[in-house]
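This report looks at a few strands and at the packing of nonpolar residues. Please keep the sequence and the structure in view while reading.

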Amino acid sequence: MDWFTVGSELSLIDTAAGPATIAWMATSKLAMELAALSLPALALVTGLAVSRTAQAVPLVDRIDSALAPQACNGQGCWTNHLRVTDLDGDGDLDILLANYADFFSGDASPQPLVLYINDGSGNFTNNSAAALGNYAGNVRMVAVGDVDGDGAPDLYAPDGAGGPHVLFMNDGAGVFTDEADLRLPNSYPMGAAARMGDVDGDGDLDIFAADGYASDGPPFGHIYINDGTGMFEELAGAIPASISGSDIDEVEFFDADRDFDLDLIVNAHTGGTGALWLNDGSGTFTSQTSIDPPATSNFHYNVAPCDVDGDGDLDLWIDNIGGGFTEQLLINDGAGNFSDETGARVTGNPGEDDNGVICVDIDDDGDFDGVVISLGTPERLLENDGNGNFTHVANSFPGPTDCSLWGEFGDLNGDDRLDLVTGQGECSSSDEVYLGNDMMPVDSQAPQIIAVNAPSSAPANQVVVAHLAVSDRTVTDEGPRLRRAFARIDPSGAATEVSGWFIGGDLFRVELPGAGSGPIEFELCAEDQAGNIGCSAAQTYEIGGDPGDGDGDPGDGDGDPGDGDGDPGDGDGDTLETGDETAGTGLPADDDGAATGCACSQAPGTPSRAPAWTALSLLALGLVRRRK
């Protein structure tokens, strides 16, 4: 290891590392001043005296014929949306492609829903016939999640031409049966966008399905409430009758105001930003008008929520409408009010016709960079300085320009590096797989627990519900890519672990035991796919008392954030105050000043979801048209 100067800071570099590793370490977002550096390995690395911005090389390699043969007669389909997720339960990431040759005209142009199964090493086989019965439909987007609580992800997809929707139930091994007629209301909106999330706070995944053509007037969407077994009924009157723009092509569940319920951001293709609808906690939504800053009329396709500035709330990227076909960056004030700060925060991003932004920590430094999925260029990297200021880093992704319509990151071959899958369909129909090379850092960052909601007391013999908001290396429709979320009870003693599960956005739910006596101490934790574990500061709740202090204000032990002033965790020691930081860490802290993310180390494990009650007993004992 040798020391060298970076700006005015003294930094350490491992000179025994290979040249690619040294190149990555030295060509960081900071300006490299290596005039005084004497490294034995310097001859192996050229151009280190300049910034990474000026000397970037591709971080991924395109794998030719990775998805061969391509679907749609070997030509590839029109892939508007895709998911990289484990659908057959073998622990590796498969690829699901949602294809539809049209949407904005509402024509019936069916194409297959395509599933490629991973062998664990990043080699893929088309299994659409066996898994999906060669289903074809007008599917622009597919929502993935476990709706019946059996641990296997199911698939919901609306039809963009007004046909029946599909709800494919997973048998646990990646074989799906459509049970929409049995499980869903039989009224099918003509829609493109859908997501799953727990909108009513009961712990299971509900469904939002957008009505695609907002110019036709309300309703603009439908909330389907899950009874816990995957049977759904529509919640009447749940969706506001106002929206800015037309043709809803994308939606996202996210906790906009950090009250630990799921809000909705609805993206309109043209004519306006769309809508932000805030949840009252029961699954009924009201309009929030502060999401609608001035925007250009350029077509846009994706909205991406993530915390770009490290303050614990979720900000928003929207493609194409930042002026001159650039991306717009909206900063959250913590209460769900958003301001356009693109001009002050984003430098060098070229104006191109794009299709979305992925929030991803490319350089493994603990903050979210932005990768632009582009129709007009190869994918582009916007690198974050850690404070939410972004600089375009050219040549980070290889060509050629292939008209990407969607993309998602994940480790496809088990080397703990980020890989990328992109879907095409406008000037090219060949969907692509890119594997991270030696310039892509291995995942070394523990997940950050950026907010916690937990009671300070609870009635005896009742389940105690806690929530955690988690940030990790990349954001997907199923939240951060975690191996598991869990609670560690009595962390300083004979620790007992209780599994949690994903409920939408960046939120996870854990049910803690309500048996035993005295105060119960616990941490809320998350483990990522690389085995890194991060935990919250220790929390405590008392069993046997009534939640709250009887004054009717939230945040007095009843599990609701705030202490009456609307801010989470102000002095009660239970809910993290996302505006506070531990000195020098940049991580949110709770009231005792402890940082939320620890670099805890532990052998990987996957406790079953059973248990709150297991732990309870233990503790008791101890398209073309669119671009015209």
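**Strand E12 and its partners**

E12 pairs with strand E13 (residues 176-178) in the antiparallel sense, over three bridges. Strands (E, at least two residues) are DSSP runs numbered from the N terminus, and two of them pair if DSSP finds at least two bridges between them. The model is predicted: local features need pLDDT of at least 70, side-chain atom pairs count only at pLDDT 80 or more, and totals for chains, interfaces and linings use all residues. Residues are numbered from 1 along each chain as its sequence is written, and side-chain values use heavy atoms, with hydrogens and water left out.

Methionine 169 stands opposite threonine 177 in E13. Five residues separate E12 from E13 in a hairpin, and glycine 172 in the turn has a positive phi of about 100 degrees. E12 also pairs with strand E11 (residues 154-157), again antiparallel and over three bridges; here phenylalanine 168 of E12 is the bridge partner of leucine 155.

**The two faces of E12**

In a regular strand the side chains alternate between the two faces of the sheet. Val166, Phe168 and Asn170 on one side of E12 and Leu167 and Met169 on the other are all buried (under 20% relative accessible area, with a 1.4 Å probe and protein chains only).

**Nonpolar cores**

A nonpolar core is a set of buried Ala, Val, Leu, Ile, Met, Phe, Trp, Tyr and Cys residues joined through side-chain atoms within 4.5 Å. The largest has 43 residues, of which Phe208, Ile223, Leu264 and Trp277 touch the most other members. Strand E19 (residues 263-279) supplies the largest share of this core, four residues. Apart from it lies another core, of 23 residues, including Ala454 and Ile543.

How values were computed
Buried < 20%, exposed > 50% of the residue type's maximum accessible area, 1.4 Å probe, protein only.
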